[in-house]
Amino acid sequence: MNKTTEELNRLWDATIPWERGIIALTNEEAEALNLPDSQPWPWDSRNKKIYIVNAHHMLHCVRNIYISIQQYRNNQTQTIAYPHILHCLDSLRVETMCSADDTLRYIPLNSVHGFRPGDGQPRQCRDWSQVDAYVKSHDPCYRYLEPGNKDLSNLERFKYCPSGSEYLPKIRKYFGYEKTWVPEEQDGPRELDW
């Protein structure tokens, strides 16, 4: 199926859950999983730490690389810093070598129709909905706002708790919001035209 550039940009920029993988784990959960120490979660720094789910980090990276390629192709200003792109490429290299996926991909005969090795080939995949459910159950109230803006306090990104969250009073107090304030749902950055 041929997709237009607009449809591809929408897919890469808006429909992949690349910004949802940051989670807040209790210290007990992190210890039970034998995880290294990590940054404290700002609204409960004594009891919770911040982690990022690897699959979401990989989606974040391939999205960044796609955006960088599209911006280069269209002679646009690069919005993702070169060191970040290099970090993402290295993460993909390490992930590929670590997973050592030995799936045998077929090679189409005289590929004149644009098919690439393995296109349409069945794969044995893990259940993404289980990963997604785990991430949602450890929501750190984080939204990936204004990447690259060094003037934006990181706390601005951690104030998107759901309306029933026990942390909203602390957030309201810190930011000086009214007692009825609840965060409006925020989209992440839109770096591509679609």
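**Helices, a pocket and salt bridges in a predicted model**

Biologist: In what order do the elements run?
Modeller: From the N terminus on, the order is α-β-α-β-α-α-α-α. This is a predicted model.

Biologist: How many helices and strands are there in the protein?
Modeller: The protein has six helices and two strands.

Biologist: And what box do the C-alpha atoms fill?
Modeller: Roughly 65 × 40 × 30 Å, taken along the principal axes. Of the 194 residues, 33% are buried.

Biologist: Changing topic. How much space lies in the largest pocket?
Modeller: About 870 Å³. Its lining consists of 17 residues, and Ala 55, Glu 95, Ser 99, Arg 123 and Arg 126 lie nearest the centre.

Biologist: Which helix gives the most to that lining?
Modeller: α4 does, with four residues. At least two residues each come from α3 (54-73), α4 (82-99) and α5 (128-137).

Biologist: What is the lining like by class?
Modeller: Seven residues are nonpolar, five are polar and five are charged.

Biologist: On to salt bridges. What's the count?
Modeller: Five. In one of them, the side chains of Asp 132 and Arg 20 meet at 2.8 Å, N to O. That pair links distant parts of the chain, 112 residues apart: Asp 132 is in helix α5, while Arg 20 is in the loop between α1 (5-15) and β1 (22-26).

Biologist: Is Asp 132 buried or exposed?
Modeller: Asp 132 counts as buried because its relative accessibility is 11%, under the 20% cut-off. Arg 20 is at 36%, so Arg 20 counts as partly exposed.

Biologist: Which residues are linked in a network with Asp 132?
Modeller: Arg 20 and Lys 136 are linked with Asp 132 in a network of salt bridges.

Biologist: What about Arg 93 and Asp 90?
Modeller: Their side chains meet in a salt bridge at 2.7 Å, N to O. Arg 93 and Asp 90 are three residues apart in helix α4, so about one helical turn separates them. Arg 93 is partly exposed at 44% relative accessible area, and Asp 90 is partly exposed at 36%.

Biologist: And which residue does Lys 159 meet in a salt bridge?
Modeller: Glu 156, also at 2.7 Å, N to O. Lys 159 counts as buried at 9% relative accessibility, whereas Glu 156 is partly exposed at 23%.

Biologist: Last one. Which residues form the nonpolar patch on the surface?
Modeller: Leu 33, Leu 35 and Tyr 134, with about 250 Å² of accessible area together. Leu 35 sits in the loop between α2 (27-32) and β2 (48-52). At 33% relative accessibility, Leu 35 is partly exposed.

Terms used: Residues are numbered from 1 along each chain as its sequence is written. This is a predicted model: local features need pLDDT of at least 70, side-chain atom pairs count only at pLDDT 80 or more; totals for chains, interfaces and linings use all residues. Side-chain values use heavy atoms; hydrogens and water are left out. On a 1 Å grid over the protein atoms alone, a cavity is a set of points where a 1.4 Å probe fits but cannot get out, and a pocket is an open set with protein on both sides within 12 Å along at least five of seven lines; lining residues have an atom within 4 Å of a point. Grid points are joined across faces, edges and corners, and a volume is the space filled by probe spheres set on the points. Ala, Val, Leu, Ile, Met, Phe, Trp, Tyr, Cys and Pro count as nonpolar, Asp, Glu, Lys and Arg as charged, and the others, Gly among them, as polar. Patches are made of residues with over 30% relative accessible area and no salt bridge: like charges are joined within 9 Å, nonpolar side chains (Val, Leu, Ile, Met, Phe, Trp, Tyr) within 5 Å. Accessible areas come from the Shrake-Rupley method with a 1.4 Å probe; for residues, only the protein chains shown count as cover. A salt bridge is a side-chain nitrogen of Lys or Arg within 4 Å of a carboxyl oxygen of Asp or Glu. Buried means under 20% relative accessible area, exposed over 50%, partly exposed in between (1.4 Å probe, protein chains only).
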